Amino acid sequence: MKPEAAPHSALVSFVSDFGHDDWFVGVVHGVLIEICPHARIVDLTHEIPPGQVERAAFVLEAACPDLPPGTVNLAVVDPGVGTGRRALAVRGRGQLFVGPDNGILEWALSDPEAEVRALAEERWFRHPVSRTFHGRDVFAPVAAHLACGTPLDAFGPRISDPARLPRPPARAQDGELMGRVMFVDRFGNALTNLTAASLANAFPGVPEEKLDVRIGSRAIRGLSRSYGDAAIGTLVAIIGSSGRLEIAQVGGSAAIRFGLGEGDPVVVSAAG
Amino acid sequence: MKPEAAPHSALVSFVSDFGHDDWFVGVVHGVLIEICPHARIVDLTHEIPPGQVERAAFVLEAACPDLPPGTVNLAVVDPGVGTGRRALAVRGRGQLFVGPDNGILEWALSDPEAEVRALAEERWFRHPVSRTFHGRDVFAPVAAHLACGTPLDAFGPRISDPARLPRPPARAQDGELMGRVMFVDRFGNALTNLTAASLANAFPGVPEEKLDVRIGSRAIRGLSRSYGDAAIGTLVAIIGSSGRLEIAQVGGSAAIRFGLGEGDPVVVSAAG
Amino acid sequence: MKPEAAPHSALVSFVSDFGHDDWFVGVVHGVLIEICPHARIVDLTHEIPPGQVERAAFVLEAACPDLPPGTVNLAVVDPGVGTGRRALAVRGRGQLFVGPDNGILEWALSDPEAEVRALAEERWFRHPVSRTFHGRDVFAPVAAHLACGTPLDAFGPRISDPARLPRPPARAQDGELMGRVMFVDRFGNALTNLTAASLANAFPGVPEEKLDVRIGSRAIRGLSRSYGDAAIGTLVAIIGSSGRLEIAQVGGSAAIRFGLGEGDPVVVSAAG
């Protein structure tokens, strides 16, 4: 396949559930580089547990705002590979996204201006297309061509009904803001769906140190400004690096110590 | 060391048993880039269990057909490092390979046209050559020079007796084709040594859905066309992405659920 | 941010405790590439256990001598993020280093010629600077600008009191040289702080095969020249690939079999 001309940006991010024990991530890199030799590839994570589409969608939501405009984000958690599920390319939030039509691209799709295309033009695929590895044969080739400048409309028709993920928003009621834990990270910090913006909106004029947080039977008085603000072992609430309220333990894993997990309800209120 | 001129292809794949906890993979990348700055490096996997040469050989066999012609494949699972075992560079199957003479390059060596060279020219090595890390001091420098265009014959003399791996082929008998599990992947799929070609050869004219598969006490009627063809939990047989018969569980790990492992016998027959 | 002109070297190594389950490593790569598009990034390891500054410092000490002069080493194990701890850029041992002022850069700082700068010039940072992820917002941008040629003195004033790690040197007494295990690697080899140079200095003229090693209740007679010098299962002592005395088990894990761990005392003596 003839490499295409270099555009100004050719950063390709890649998230999957492929793990690192096999060769799947490697051959996807090979396909990307063969088609778009100057693409720079950034692996977000490949340790999504097999088939956990929601978790990969959250990784994109948390990571992509840190990537440059124009980045092509390749997302492959694809339990429906080989069935009739569609394949998508999306322009949204100033970036491009390629992946299966199973909700993994929720963050891009939630942009009201998103342009969503079904990957119908098989000439961009790697042939023969296998039944079980569209990461290699469909998604990576399309991502590489996008990174090298092929326009989005070349890949297939616009569609208006992509699969969406339910994303219950934070809910304000009786002076409380209710959210939930979305992701527990390596450090045992529990990231919630409560953003700094949603807190500011629910509690206008209330400074962070006057916001209280309840998670399970635990209460945290006031948001902290750093992990180091309190004694080792203390449970703190903090606005984390992706702009979300996080529950953390100073010098340890809040998730392990306090048994926090995805889906746990979190309630914020203004100090009495 | 002076970087060499850029050839048309400079993709280097890298497989090892180094893992990701230490710095070994990183310094090999550093050596490759120092010698051949424009090389693109693709990590296949570094999670080969220590010393498992056969598993690394299978990874090369499964992954390399997906890499571009001319790729330089660096393979370092080297329990004999520092002993008298030879070091090799091989041209075979349209690509180049560098690694110890312990069978890890079996897939390249099984090409009847393979050109096999012993790495005798120490001027290409990194000096001083350590006793315990030839990945850094011998194999990576040679791979980098190959990637940057040094011809194969510069590295040492041809040899005709490289170490080979026993690779028992699929065996046809009494209308059955007998093979074995070669590799269990991250998703719990059991990859066999039965290729689509060997099935077509053993059962000419028989469509895939009319082939039955036995593994242990389990029988699977007909090959499936995708993981999604049957209900969650069903054991299916399918031609996987590297063209081999795989045993998979829909929506789960066949290996865990049914206790499948490397070496398990697999028998295919035409439906009665 | 406008990319800067390319200098002769733009290799960036990266060590952290971020792991591979989340997106932290990926967004740091994204920040590096956005600022310095031609930088080549080499991941040393991201599997430092959370907050283990000493272990990361050892990785730099072991790995950096294998990297080219001028390499920019980005080191982020930063339990004090968001507190008053300083951030540093250091020129030492022919390379550049960026990381928190917590001892992680000990190897660079132990160069008596080291030039140490506090990162005071916020114009090089990524804004807004978060409270919890200075790897992304402070250290990566500075590393990228260094890799792309911004001179060290642009980042802040020289300081003379960086935090240092206690590094008890090998101790000679009564004809014995006493050290300790610094790191157990993936293969179960126990790397010590006893270098080939310190052995040569303590036992002038004594050949390696005449040096005995004691670790716990185990005695090893003579250093070996390769892991393959003795029968499978034998405990051997050997000068490893980073020039340190290692305790290894032929064909297995010395650490698991003999219960070796970081901090274990190791004693070398000349054979009687």
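Where does Arg93(B) lie? Arg93(B) is found in the loop between S4 and S5 of chain B.

## Basis of the model

This is a predicted model, in which local features need pLDDT of at least 70, side-chain atom pairs count only at pLDDT 80 or more, and totals for chains, interfaces and linings use all residues. Residues are numbered from 1 along each chain as its sequence is written, chains are lettered from A and ligands numbered from 1 in the order in which they are written, and side-chain values use heavy atoms, with hydrogens and water left out.

Helices (H or I, at least four residues) and strands (E, at least two) are DSSP runs, numbered from the N terminus.

## Relation of the chains

Two copies of a chain are related by a rotation about an axis and a shift along it. Chain C is superposed on chain A by a rotation of 120 degrees with 0.0 Å of shift along its axis, and the RMSD is 0.0 Å. The two copies are thus related as by a three-fold rotation axis. Their surfaces in contact are different: 9% of the contact residues of chain C recur in chain A. Contact here means heavy atoms within 4.5 Å. The superposition is by least squares on the C-alpha atoms of residues with pLDDT of at least 70 in both copies.

For chain B, a rotation of 120 degrees with 0.0 Å of shift along its axis gives the superposition on chain A, again with an RMSD of 0.0 Å. These copies also use different surfaces, since 9% of the contact residues of chain B recur in chain A.

## The sheet of chain B

Chain B has an open sheet of 6 strands in the order S2-S1-S3-S5-S4-S6, with mixed pairing. Two strands pair if DSSP finds at least two bridges between them. Strand S2 (40-45) and strand S6 (115-118) of chain B are the edge strands, each pairing on one side only. On average, neighbouring strands of this sheet are turned by 20 degrees against each other, direction ignored. Axes are lines fitted to C-alpha atoms, for helices over the stretch in contact, and angles run from 0 to 180 degrees between N-to-C directions.

Within the sheet, strand S1 (residues 11-16) and strand S3 (residues 72-76) of chain B pair in the parallel sense over 5 bridges. Val12(B) has Val72(B) as its bridge partner in S3(B). Helix H1 (residues 24-35) of chain A packs on this sheet and touches S1 and S2 of chain B, with its direction at about 155 degrees to that of S2(B). Helix H4 (residues 134-147) of chain B also packs on the sheet, touching S1, S3, strand S4 (87-92) and strand S5 (95-100) of chain B; the direction of H4 makes about 175 degrees with that of S3(B).

## The sheet of chain C

In chain C, 6 strands form an open sheet with mixed pairing, ordered S2-S1-S3-S5-S4-S6. Strand S2 (40-45) and strand S6 (115-118) of chain C are at the edges with a single partner strand each, so one side of each has no neighbour in the sheet.

Strand S3 (residues 72-76) and strand S5 (residues 95-100) of chain C run parallel and are joined by 3 bridges. Val72(C) stands opposite Leu96(C) in S5(C). H4(C) lies across strand S1 (11-16), S3, strand S4 (87-92) and S5 of chain C, at about 175 degrees to S3(C).

## Helix packing

In chain C, helix H1 (residues 24-35) packs with helix H4 (residues 134-147) at an angle of about 40 degrees, and their axes are 9 Å apart. That makes H1(C) oblique to H4(C). Angles under 35 degrees count as roughly parallel, over 145 as roughly antiparallel, 65 to 115 as roughly perpendicular and the rest as oblique. The contact includes Val27(C) and Leu32(C) of H1(C) and Arg136(C) and Pro141(C) of H4(C).

In chain A, the axes of H1(A) and helix H4 (residues 134-147) come within 9 Å and cross at roughly 40 degrees. H1(A) and H4(A) are therefore oblique to each other.

## Backbone exceptions

Most residues other than glycine have a negative phi, and most peptide bonds are trans. Arg93(B) is not a glycine, yet has a positive phi of about 55 degrees.

The peptide bond from His127(A) to Pro128(A) is cis, with omega near -5 degrees. Pro128(A) is placed in the loop between strand S6 (115-118) and H4 of chain A. In chain C, the bond from His127(C) to Pro128(C) is cis, with omega near -5 degrees, and Pro128(C) is in the loop between S6 and H4 of that chain.
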